[in-house]
Amino acid sequence: MSLVLPAPDISRALTRISHEILERNAGSSAITLLGIPTRGAHLAKRIAEIISKIENVPVQFGTLDITLHRDDLRMRPPRALMPTTIPSLGVEDRNVILVDDVLFSGRTIRAALDALGEIGRPKSVQLAILVDRGHRELPIRADYVGKNIPTSVSQSVIVHLTELDGADEVLIEGGGE
Amino acid sequence: MKHLLSINDLSKVEAISILDTAQELARVSDGPMKKLPTLRGRTIVNLFAEDSTRTRISFEAAAKRLSADVINFSAKGSSISKGESLKDTAQTLQAMGADAVIIRHGASGAAHRLADSNWMSGSVINAGDGTHEHPSQALLDAFTIRKHLSKSGNDLAGLRVAIVGDVLHSRVARSNVLLLSKLGAQVILVAPPTLLPVGVESWPCEISYDLDAVISSVDAVMMLRIQVERMTELFFPNAREYSRYFGLNNDRIKALKPDAIVMHPGPMNRGLEITADAADGARSVIVEQVANGVSIRMAILYLLLAGSQEIGATI
């Protein structure tokens, strides 16, 4: 198991992503951050906190569970559903930024787009990701990337966050390096 | 979990996971798009050999919100009324590719028979078998009580629930006693001795013959329907006397705790076990029970059918 992103790097990456989001959307008034549970939800909250500190205004953020839209439901035992919380202004006509920890095949994000379509019609949808590990199986890319980490398919990328795991770190496991 | 036949088959953790799943799915029913793609391509058969409004429509709505195909099948108007056996009916459904059968039947144990036989390979969901069990009703009742009254937001610890009336003929009562006590509630059955089944002393609940003695101490009161169609002998002298001793009326509503709720699984005999005032009053959550029923049944269908069963799935 090797450490590829220590805590200070994660913090710097989230700060940079926050600035990029503000720059691209010309401020925070029209943005809504939606994190994909479980770790994406915590990352969305952190980015919302950083942005509201920079701009001195509250930022709309929530969570979006995608379980019911997954395309691999039939291949695994039933999964527990996670909470979906949509902030007060909804998603209609907002610039929604989906937040997740790792971008891999892109299937989670496809499911998230479907789940989002059920709630409303955002003005635009953007994607922020902590780690892009490659191996896309769908035509999906991230707008904001914490770090590109080339991996082999047999490796796993493990993201630990203080809220859940007691420390911030990204590790790579296996694959016979 | 492949089938849902009895509350006894559920652990406390499994029961709570069904309630939690229903809570998330309720959001779909409240949203603008009441449809999810989750069970697309699955076929669900509603096999109702006994009459039903709520349960059948509720399962149908739940299945359709999850995009499953639903085939409705009732005894009237099918070959069951020509005397076709359950076995032949089941094999027909299997041949048509049913992934799940929701069965209501007048014979206690019908759902078990269907699940334990090799007549069909799909999931079996018990939607009421004779006077035995009605697990999805108990789950929706627990869900409703939890939503209004739970102290932990998780189980029903510390709550007292009275189940009043025709316990003898009620599968709802049996399933509720098992489930509510499993979730930590104290259950009290209130009925005339003639309407309590043999062996009720061994159920995990208290028993009382006096509604007025119990009413002020409970957090929820669940009225049961007097099941005239199952009554083959005289169980109480007359309807007026039953109403006076065991009916829920305005005086008894006033004796309830301030935040107590009034429940009824439906269909109601207004004026017999419950007055119209009590059924339509501010304490009544009877209509909400129906809405919650759809969420609970979506959760059951999701947990039984969405994942693969082949690799030892559990919930």
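**Architecture of a predicted two-chain model**

H134(B) is found in the loop between β4 (123–129) and α5 of chain B, where helices (H or I, at least four residues) and strands (E, at least two) are DSSP runs numbered from the N terminus. The model is predicted: local features need pLDDT of at least 70 and side-chain atom pairs count only at pLDDT 80 or more, while totals for chains, interfaces and linings use all residues. Residues are numbered from 1 along each chain as its sequence is written, and chains are lettered from A and ligands numbered from 1 in the order in which they are written.

H134(B) counts as buried because it has 26 C-beta neighbours inside 10 Å. A residue is termed buried if 20 or more other C-beta atoms lie within 10 Å of its own, exposed if 12 or fewer, and partly exposed in between, with C-beta atoms placed from the backbone. Leaving aside neighbours within four places in sequence, H134(B) is in contact with G128(B), R171(B), V172(B) and S175(B); contact requires that the C-beta atoms of two residues, placed from the backbone, lie within 7 Å. S52(B) is 82 residues from H134(B) along the chain, and the C-alpha atoms of the two are separated by 12 Å.

Helix α5 (residues 135–149) of chain B and helix α6 (residues 171–182) of chain B have axes that come within 8 Å and cross at roughly 50°. Axes are lines fitted to C-alpha atoms, for helices over the stretch in contact, and angles run from 0 to 180 degrees between N-to-C directions. The crossing of α5(B) and α6(B) is right-handed, that is, the near helix is turned clockwise from the far one by less than a right angle. On the α5(B) side, the contact is made by P135(B), Q137(B), A138(B), L139(B), D141(B) and A142(B). The α6(B) side supplies V172(B), S175(B), N176(B), L179(B) and L180(B). By class, the residues of this contact are 7 nonpolar, 3 polar and 1 charged, where Ala, Val, Leu, Ile, Met, Phe, Trp, Tyr, Cys and Pro count as nonpolar, Asp, Glu, Lys and Arg as charged, and the others, Gly among them, as polar.

Chain B as a whole contains 11 helices and 9 strands. Its radius of gyration is 19 Å, close to the 20 Å that the globule rule gives for 315 residues, so chain B is as compact as a globular protein of that length. The radius is taken over C-alpha atoms, and the rule is 2.2 Å times the number of residues to the power 0.38. Of the 315 residues of chain B, 49% count as buried. Among its contacts between residues at least 6 apart in sequence, 78% join residues at least 24 apart.

Chain A has 4 helices and 8 strands, in the order β-α-β-α-β-β-α-β-β-β-α-β from the N terminus on. A compact globule of 177 residues would have a radius of gyration near 16 Å, and the 16 Å of chain A agrees. Of the 177 residues of chain A, 42% count as buried.

Between the chains, 18 residues of chain B are in contact with 15 residues of chain A. The elements giving two or more residues to the chain B side are α1 (12–30) and α11 (286–305) of chain B. α1(B) gives the most, with 4 residues. This side of chain B has 9 nonpolar, 7 polar and 2 charged residues.
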